[in-house]
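Subject: Handover of a structure

Hello,

Please look through the structure below before reading the rest of this message. My notes on what was found in it follow.

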Amino acid sequence: MSTSPDSGSPPPPPPQRPTRPATALRQRLAELRGPAVAPQPLDARALAALAANPGCERRALLDGAGVNKAVLAQALGSPSGFGQSQFAFMRGNAFEARVKADGGAELMRLLSERMGTAEPAGVEVPDLSAAGPEGRAARTALALREATAAGRWALFDHPMLALEVAGSPAYLEPDAVVVDPAGHWTVIEIKSFPMIDASADAAKVGAAARQSAVYVLALQRIAEHLSGASVDDRILLVCPKDFSNLPTAAAVDVRKQLSVTRRQLARLTRIEDIAAALPEGTTFDPGLGPAELAAAVESVEAAYAPECLAACEMAFHCRDRARRAGAVESLGRSVRGELGGLTTVGAVLAAARGEEGDPSDPTVAALRRAAALRAEALGGAAC
Ligand code: SF4
C-alpha cells in the first residue's frame with residue numbers, strides 16, 4: 001500500500017537548508033579540486049570511511065573539497081582496486097530483493113524477533129518517488145512525518161536522507177527504515193556477507209555499523225523537528241544465514257560509531273584550517289602531472305593504516321609513501337602502538353641491533369631480547 005500527500009495533513013518539517021560555506025572557502029575548495037572539476041558528492045560509505053580513520057587530514061580535506069579520489073589516485077599512477085565487484089553487487093541486490101519480498105513480511109518478522117517489537121499485522125510501504133535527490137529527500141521527510149503522526153507501521157524502502165556536511169548536503173540512501181506506531185524509527189542495513197552461527201566478520205560488521213551510524217545521524221536531524229519521533233541507536237543488520245541465502249539478523253548498537261561520526265563531521269567543517277596551512281597555489285586538479293600532484297598530496301598529513309586498503313581510494317598511493325618512508329604505520333595500528341617512540345622500520349632494526357635506543361626503554365629491551373632469540377634460533381645470524 002502506498003501513501004500519498006494529504007492536503008489535510010500538517011505541513012512538512014522545514015527542509016534542511018544547508019548553510020553554504022563562505023564564498024572564499026568555496027572558491028578555495030574549487031581551486032583545490034581544479035576549477036573545471038565538478039565536486040564529488042559525499043555518500044554514506046565515504047562518510048563512514050572518514051569516521052574509520054579520524055586522524056587523516058588528507059582524506060578529510062580531499063572529501064571536504066569534493067575531490068574525486070579514484071580519479072586522483074589514477075592520475076598519481078596508483079589506481080586503487082577499492083570498490084565492490086559487479087558480482088558482489090548483483091548478489092547483494094538479489095539478497096536484498098528477497099529480504100524485502102511480500103511487502104517486507106520477513107523483514108518485519110526479523111525486526112520483531114531481534115529488536116523485541118510487536119510483529120505488525122500490516123505495514124505500509126510509502127511511495128517515495130520524486131525528482132532528483134533533493135525532491136526525494138523532501139518526499140521522505142514528509143512521509144516520515146505522516147507515518148509518525150498517523151501512528152502506523154511503515155516500511156521505507158530506500159528512503160533518501162539529506163545531511164549537511166561541511167556546508168553542503170550529502171544525500172544518503174539506507175536500505176530501509178521502519179517506523180513503528182510509537183513513532184520510533186529503526187535503520188535496516190542489508191548486507192550480503194554471511195552470519196555464521198549468529199556471528200559475522202567483525203571488520204564487516206564494524207563497517208556496516210559506521211555506515212548505519214551516518215543514516216541514524218541524518219534521521220536524528222529530521223526527528224528533531226517532529227514531536228513524538230525518536231530514532232533507535234541500534235540498527236537491524238540483516239545478512240544471509242550460514243551458507244544459505246535465507247535471511248537472519250542481529251541488532252547492532254551504533255552509539256560509539258555515532259559519536260565518532262559526529263566528531264568527524266564537526267572536524268570536516270574545519271577543513272578551512274587544513275586548507276589554509278597548504279602552500280599557496282596547491283591544487284589536486286587531475287590534469288596536472290603525477291609529480292606535481294604527488295607534491296600537492298604530500299603537503300597534507302596522512303594517517304595511513306592497512307585498514308585504508310578496504311576503505312579509501314588513495315590507499316595504494318599512501319601505502320607506497322608510508323613504505324618508502326619506512327613508517328611503522330604501514331605494519332598496522334597495533335604494531336605502531338607497541339613500538340612507542342620508534343616510528344621507522346630503520347629505527348626499530350637499529351634498536352634491535354643495539355645501535356640506537358635507550359636500553360631501559362621496555363620497547364627497546366623487548367626488541368633486543370627478540371633479536372637475541374632470533375639470532376640464537378638461526379645460529380648467530382643478525383637482523
Ligand atoms: S588511504 Fe591515505 S588518504 Fe585515505 S584514509 Fe588512508 S591515509 Fe588517509
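The model is predicted, so local features need pLDDT of at least 70 and side-chain atom pairs count only at pLDDT 80 or more, while totals for chains, interfaces and linings use all residues. Residues are numbered from 1 along each chain as its sequence is written, and side-chain values use heavy atoms, with hydrogens and water left out.

The chain as a whole

The chain has 15 helices and 8 strands. Its C-alpha atoms fill a box of roughly 80 × 55 × 40 Å, taken along the principal axes. Of its 383 residues, 44% count as buried (under 20% relative accessible area; exposed is over 50% and partly exposed is in between, with a 1.4 Å probe and protein chains only). Among contacts (heavy atoms within 4.5 Å) between residues at least 6 apart in sequence, 66% join residues at least 24 apart.

The cavities

Rolling a probe the size of a water molecule over the atoms shows where empty space is left. A search of the whole structure finds 2 cavities of 30 Å³ or more. A cavity is a set of points, on a 1 Å grid over the protein atoms alone, where a 1.4 Å probe fits but cannot get out, and lining residues have an atom within 4 Å of a point. Points are joined across faces, edges and corners, and the volume is the space filled by probe spheres set on them.

The largest cavity holds about 150 Å³ of space. Its lining has 17 residues, and Asn53, Cys56, Arg59, Cys308 and Cys312 lie nearest the centre. Helix H2 (44–52), helix H3 (57–64) and helix H12 (315–324) each supply at least two residues of this lining. By class, the lining of the largest cavity has 12 nonpolar, 1 polar and 4 charged residues. Here Ala, Val, Leu, Ile, Met, Phe, Trp, Tyr, Cys and Pro count as nonpolar, Asp, Glu, Lys and Arg as charged, and the others, Gly among them, as polar.

The second largest cavity holds about 30 Å³ of space. It is lined by Leu111, Thr117, Trp153, Asp180, His184 and Thr186. These divide into 2 nonpolar, 3 polar and 1 charged residues.

The ligand

Where does the ligand sit? The space it takes is the largest cavity (more than half of its atoms lie within 2 Å of the grid points).

Helix H2

H2 also contributes to the lining of the largest cavity. It is largely enclosed by the rest of the structure, because 7 of its 9 residues are buried. Those buried residues are Ala44, Ala46, Leu47, Ala48, Ala49, Leu50 and Ala51. Their cover includes H3, strand E2, strand E3 (168–172), helix H8 (202–223) and helix H9 (255–268).

Some single residues

Ser78 lies in the loop between helix H4 (69–75) and helix H5 (86–99). Is Ser78 buried or exposed? It is buried, as its relative accessible area is 13%. Leaving out residues up to four places away in sequence, Ser78 touches Ala73, Phe316 and His317.

For Asp102, phi is near 55°. Asp102 is in helix H6 (residues 101–115), and with a relative accessible area of 72% it is exposed. For His158, phi is near 50°. His158 is in the loop between strand E1 (154–157) and strand E2 (161–165), and it counts as partly exposed at 25% relative accessibility.

Glu272 belongs to helix H10 (residues 271–276) and is partly exposed, at 46%. Glu272 and Ala24 are 248 residues apart in sequence and 9.7 Å apart in space, C-alpha to C-alpha. Ala377 is in helix H15 (residues 362–377) and is exposed, at 68%. Ala377 and Arg319 are 58 residues apart in sequence and 32 Å apart in space, C-alpha to C-alpha.

Regards

Terms used: On a 1 Å grid over the protein atoms alone, a cavity is a set of points where a 1.4 Å probe fits but cannot get out, and a pocket is an open set with protein on both sides within 12 Å along at least five of seven lines; lining residues have an atom within 4 Å of a point. Helices (H or I, at least four residues) and strands (E, at least two) are DSSP runs, numbered from the N terminus.
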